[in-house]
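Me: I have a structure open and would like to go through parts of it. Could you help me read it?

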Amino acid sequence: NHPQSKIDEVFFKFLDAPEQLKEYEAGTMDVIEPPVSELDRLKADAARSKELSFASRQCTYYYAYNVEKPPFDNVHIRRAFSMAIDRQSIIDNILKGGQSPAGYFSYPGLLAAPHQEDYPGTGIKSDPEGAKAELEAGLKELGMTVDQLPQISLLYNTSAAHKAIAEAAQQMWVDTLGINVQLTSQDFAVYLQTRVDDPPQITRAGWCSDYPDTHNFLSDVFRVKGGNNNTRWENPEFTKLIDEAVQLTDTKARTDLYAQAEDILVNKDAAIAPVYF
């Protein structure tokens, strides 16, 4: 026997996280996603902490580079910006929800998803000294000093959490690279159109699985330019690897190919900077 539903309707309100919390505490909303800035208070509250839950989602938060816009048409500059991000610090000081640092793009729980520790030397890691060396190599190739670099802009869709993460990354880039990045936010619909029409050098992005296989991340997002891939980047070797992997039935063989593809995406070509899972 199936229990009979006692709910007549579900009413969704589309509000920013701080407004959601106000309504929840006023008793006018039943389920919300609270702002990250309030998590410490909610965890410390005897009653609220019992109502708070953390659950995993098959998602990756990342920064996408426009590889056609200077100075991010240089791989060393892209790699430097990725290595300068202290991913664990963002998790510990801003998110506080059990996230893990991302050195690959594909969520590690997916079928055939490689784990970075199983493929040493691949992917990307937070590495301030390595970031400085990559910046130096990039500036040498460009024949520039840091002061001669064009203004760099990061775009995110309006949200208190995205703003806090962007501000943290902005400070890390100043501290490690000596480069100040301009932050710009846009309403979600405008932001989506900007990503298609004219993405700036860096754009906040995220991807959650439609189905739990690595193909959904590497192929469905980055196989071709446009669509989900707003980096203007493509690589025939990467395409060959993921096209071969999807035809195999042996999971270990697929995983090995995806590890090679990940290394091209986030390290050798550094088209994106994965931040956290």
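**A walk through the model**

Reply: Let us begin with S153, which has its place in strand β2, residues 152-157. Please keep in mind that this is a predicted model.

Me: Is S153 buried or exposed?

Reply: S153 has a relative accessible area of 15%. It counts as buried because that value lies under the 20% cut-off.

Me: And which residues does S153 touch?

Reply: Leaving aside residues up to four places away in sequence, S153 touches V181, Q182, T184, P200, Q201 and I202.

Me: New topic. How many disulfides does a search of the whole structure find?

Reply: The search finds one disulfide. It is formed by C59 and C208, whose sulfur atoms are 1.9 Å apart.

Me: Where in the chain are C59 and C208?

Reply: C59 is in strand β1 (residues 59-65), and C208 is in strand β4 (residues 202-208). The pair links distant parts of the chain, 149 residues apart.

Me: What is the handedness of that link?

Reply: The link of C59 and C208 is right-handed, with 110° about the S-S bond.

Me: Now P212. Where does it lie?

Reply: P212 lies in the loop between β4 and α9, the latter being residues 215-222. P212 is exposed, with a relative accessible area of 51%.

Me: Which residues does P212 touch?

Reply: Not counting residues up to four places away in sequence, P212 touches Q58, L110 and L111.

Me: Last one, helix α6. How many residues does it have?

Reply: Helix α6 covers residues 128-142 and has 15 residues. From its first C-alpha to its last it reaches 21 Å, close to the 21 Å expected at 1.5 Å a residue.

Me: Which residues of α6 are buried?

Reply: The buried residues of α6 are G130, A131, E134, L135, G138 and L139.

Me: Why might residues three or four places apart point the same way?

Reply: An α-helix has 3.6 residues a turn, so residues at that spacing point the same way.

Me: What do the buried residues of α6 pack against?

Reply: They pack against α4 (75-83) and α7 (160-177).

Me: And what follows α6?

Reply: G143 follows α6, and its phi is positive, near 65°.

Key: Residues numbered from 1 in each chain as written. Predicted model: local features only at pLDDT ≥ 70, side-chain atom pairs only at ≥ 80, totals over all residues. Heavy atoms only, no water. Helix = DSSP H or I, 4+ residues; strand = E, 2+ residues; numbered from the N terminus. Expected span 1.5 Å × (residues − 1). Buried < 20%, exposed > 50% of the residue type's maximum accessible area, 1.4 Å probe, protein only. Contact = heavy atoms within 4.5 Å. Disulfide = S-S within 2.5 Å.
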